[in-house]
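Colleague: Please take a close look at one part of this model, the metal site, and describe it together with what surrounds it in the chain.

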Amino acid sequence: MSDIADSADARISLDLEFALNNMQRFPAVEPDLHCLFCDEPVGYRELFCDSDCRCDYEKEQKLLKIAGR
Ligand SMILES: [Zn+2]
């Protein structure tokens with residue numbers, strides 16, 4: 001029984017760490033199970049369907065920031 005509790009704790013702290021990492025990288029964005037760039041469905045806690053979309057999204061955000069003001 002204690003094994004299950006232990007692994008649940010480990011799982012929660014991993015999730016927290018993951019969420020914090022994502023918050024630091026993408027402060028204004030919450031995962032909604034769709035790729036932020038192309039809207040393809042993605043897995044739980046995934047933000048992008050592949051690394052190309054992440055690169056393109058980051059590029060786009062940089063351009064938006066530059067063009068924003
Ligand atoms: Zn995508």
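Modeller: A residue counts as buried under 20% relative accessible area, as exposed over 50%, and as partly exposed in between. Cys35, with a relative accessible area of 1%, is therefore buried. The model is a predicted one, and the values that follow are computed from it.

Cys35 is one of the residues that hold the zinc ion. The ion is coordinated by the SG atoms of Cys35, Cys38, Cys49 and Cys53, at 2.2 to 2.3 Å. Along the sequence these donor residues follow the spacing C-x2-C-x10-C-x3-C. Four donors count as tetrahedral if all angles lie between 85 and 135 degrees. Around the zinc ion the four donor atoms subtend angles of 105 to 118°, so the arrangement is tetrahedral. For reference, the ideal angle for four tetrahedral donors is 109.5 degrees.

For the protein as a whole, buried residues make up 12% of the 69 residues. The accessible surface of the protein comes to about 5900 Å², and carbon and sulfur atoms account for 56% of that.

Next, the fold around the site. The protein has two helices and zero strands. Cys53 belongs to helix H2, which covers residues 51–68. H2 has 18 residues and spans 25 Å from its first C-alpha to its last, close to the 26 Å expected at 1.5 Å a residue. Its N-terminal end is capped by Asp50, which places a side-chain oxygen 3.2 Å from the backbone nitrogen of Asp52.

Leaving out residues up to four places away along the chain, Cys53 touches Cys35, Phe37, Cys38 and Phe48. Two of these, Cys35 and Cys38, are also zinc donors. Phe37 sits 16 residues from Cys53 along the chain, yet their C-alpha atoms are separated by 5.8 Å. Arg54 is partly exposed, because its relative accessible area is 33%. Across the protein, 19% of the contacts between residues at least 6 apart in sequence join residues at least 24 apart.

The loop between the helices deserves a note on backbone angles. Leu33 lies in the loop between helix H1 (2–25) and H2. Phi of Leu33 is near 70°, a positive value in a residue other than glycine. Leu33 is partly exposed, because its relative accessible area is 40%. Asp39 lies in the loop between H1 and H2 too, and its phi is also positive, about 70°, although Asp39 is not a glycine. At 55% relative accessibility, Asp39 is over the 50% cut-off and therefore counts as exposed.

To draw the site together: the zinc ion has four cysteine SG donors in a tetrahedral arrangement.

Definitions and conventions:
Residues are numbered from 1 along each chain as its sequence is written. This is a predicted model: local features need pLDDT of at least 70, side-chain atom pairs count only at pLDDT 80 or more; totals for chains, interfaces and linings use all residues. Side-chain values use heavy atoms; hydrogens and water are left out. Helices (H or I, at least four residues) and strands (E, at least two) are DSSP runs, numbered from the N terminus. The expected span of a helix is 1.5 Å times one less than its number of residues. A polar contact is a pair of N or O atoms within 3.5 Å; within protein, one must be able to donate a hydrogen and the other to accept it, and residues adjacent in sequence count only if both atoms are side-chain atoms. Donors are N, O and S atoms within 2.8 Å of the metal (3.2 Å for Na, K and Ca); water is not among the atoms, so sites may look incomplete. Four donors count as tetrahedral if all angles lie between 85 and 135 degrees; four count as square planar and six as octahedral if opposite donors are over 155 degrees apart and all others between 65 and 115; anything else is irregular. Buried means under 20% relative accessible area, exposed over 50%, partly exposed in between (1.4 Å probe, protein chains only). Contact means heavy atoms within 4.5 Å. Accessible areas come from the Shrake-Rupley method with a 1.4 Å probe; for residues, only the protein chains shown count as cover.
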